[in-house]
Amino acid sequence: MANGVTTAAAATTVMLGALVLGGCGADDPYCVAVETHQKSLDSFGAKRSDDAYASYAKALASISKVAPTPVDEEWTTLTRATKGVVTAQRDVGFALQDMADEDKRTALSAGDIEVLNKAYTQFNDTTPQRRAIVTDVKKTCDIQLK
């Protein structure tokens with residue numbers, strides 16, 4: 001009889017484990033997208049260049065297309081803000097990687113600085129969205145973003 005209980009308990013454990021794994025989004029397009037782009041998400045902002053930010057924006061856009069309703073607005077807001085930085089840099093003809101060069105920065109016109117500052121401010125204002133995304137990805141997909 002003890003073996004029957006042990007077998008039943010083991011079967012229950014396996015079934016619960018399958019439910020938990022199923023709940024973590026193994027086949028969920030959202031979780032697959034996050035996992036596919038996790039390396040980019042984890043390195044977000046580590047490299048400040050036009051190419052890096054364009055890559056971040058592409059990853060964010062891909063995920064935002066399949067993000068669930070509770071966080072789809074957060075992903076969309078972050079995507080738009082990141083694309084906004086890339087667009088602003090391109091529009092003023094100033095590479096993001098050149099921000100470290102004081103001579104190049106001081107050569108920017110007041111109008112260019114205004115365009116860039118607006119884009120940077122919009123991006124910096126996404127802190128609540130970024131926190132919500134990290135929390136949701138952990139809860140929904142069991143993926144810990146850095």
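# Exercises on an all-helix chain

Buried residues make up 34% of the chain's 146 residues. The model is predicted.

## Exercise 1: Overall layout

Task: State how many helices and strands the chain has, and in which order the elements run.

Solution. 
Step 1. Count the elements: eight helices and zero strands.
Step 2. Read them from the N terminus: α-α-α-α-α-α-α-α.
Step 3. Check the contacts. Take those between residues at least 6 apart in sequence; 63% of them join residues at least 24 apart.

## Exercise 2: The largest nonpolar core

Task: Find which members of the largest nonpolar core touch the most other members, and which elements give two or more residues to this core.

Solution. 
Step 1. The core has 31 residues. Those touching the most other members are Tyr30, Val34, Leu41, Ile63, Trp75, Leu116 and Val137.
Step 2. Assign the contributors. Two or more residues come from each of α2 (29-36), α4 (50-64), α5 (69-92), α7 (110-124) and α8 (127-141).
Step 3. α5 gives the largest share, eight residues.
Step 4. Inspect one member, Leu41. Set aside its neighbours within four places in sequence. Leu41 is then in contact with Val34, Leu60, Ile63, Trp75 and Leu145.

## Exercise 3: Helix α5

Task: Compare the span of α5 with the expected value, then list the buried residues of this helix and what covers them.

Solution. 
Step 1. α5 has 24 residues. From first C-alpha to last it reaches 35 Å, close to the 34 Å expected at 1.5 Å a residue.
Step 2. The buried residues in α5 are Val71, Trp75, Leu78, Thr79, Ala81, Thr82, Val85, Val86, Ala88, Gln89 and Val92.
Step 3. Their cover includes α2, α3 (38-42), α4, α7 and α8.
Step 4. Look just past the helix end. Gly93 takes a positive phi of about 70 degrees there.

## Exercise 4: An aromatic cluster

Task: Classify the Tyr53–Tyr56 and Tyr53–Phe123 pairs, and say where the rings sit.

Solution. 
Step 1. A search of the whole structure finds three aromatic pairs.
Step 2. Take Tyr53 and Tyr56. Their ring centres are 5.2 Å apart and their planes stand at 70 degrees, so this pair is edge-to-face. The angle cut-off for that class is over 60 degrees.
Step 3. Locate the two. Both lie in helix α4, three residues apart, about one turn of the helix.
Step 4. Take Tyr53 and Phe123. With 6.2 Å centre to centre and 65 degrees between the planes, this pair is also edge-to-face. The pair links distant parts of the chain: Tyr53 is in α4 and Phe123 in α7, 70 residues apart.
Step 5. Check burial. Tyr53 has 5% relative accessibility, so it counts as buried. Phe123 is buried too, at 9%. Tyr56 is likewise buried.
Step 6. Tyr53, Tyr56 and Phe123 form one aromatic cluster.
Step 7. Arg130 lies over the face of Phe123, 5.0 Å from the ring centre.

Note on methods: Residues numbered from 1 in each chain as written. Predicted model: local features only at pLDDT ≥ 70, side-chain atom pairs only at ≥ 80, totals over all residues. Heavy atoms only, no water. Core = buried A, V, L, I, M, F, W, Y, C linked by side-chain atoms within 4.5 Å. Buried < 20%, exposed > 50% of the residue type's maximum accessible area, 1.4 Å probe, protein only. Helix = DSSP H or I, 4+ residues; strand = E, 2+ residues; numbered from the N terminus. Contact = heavy atoms within 4.5 Å. Phe/Tyr/Trp six-rings, centres within 6.5 Å; stacked < 30°, edge-to-face > 60°. Lys NZ or Arg CZ within 6 Å of the ring centre and 35° of its normal. Expected span 1.5 Å × (residues − 1).
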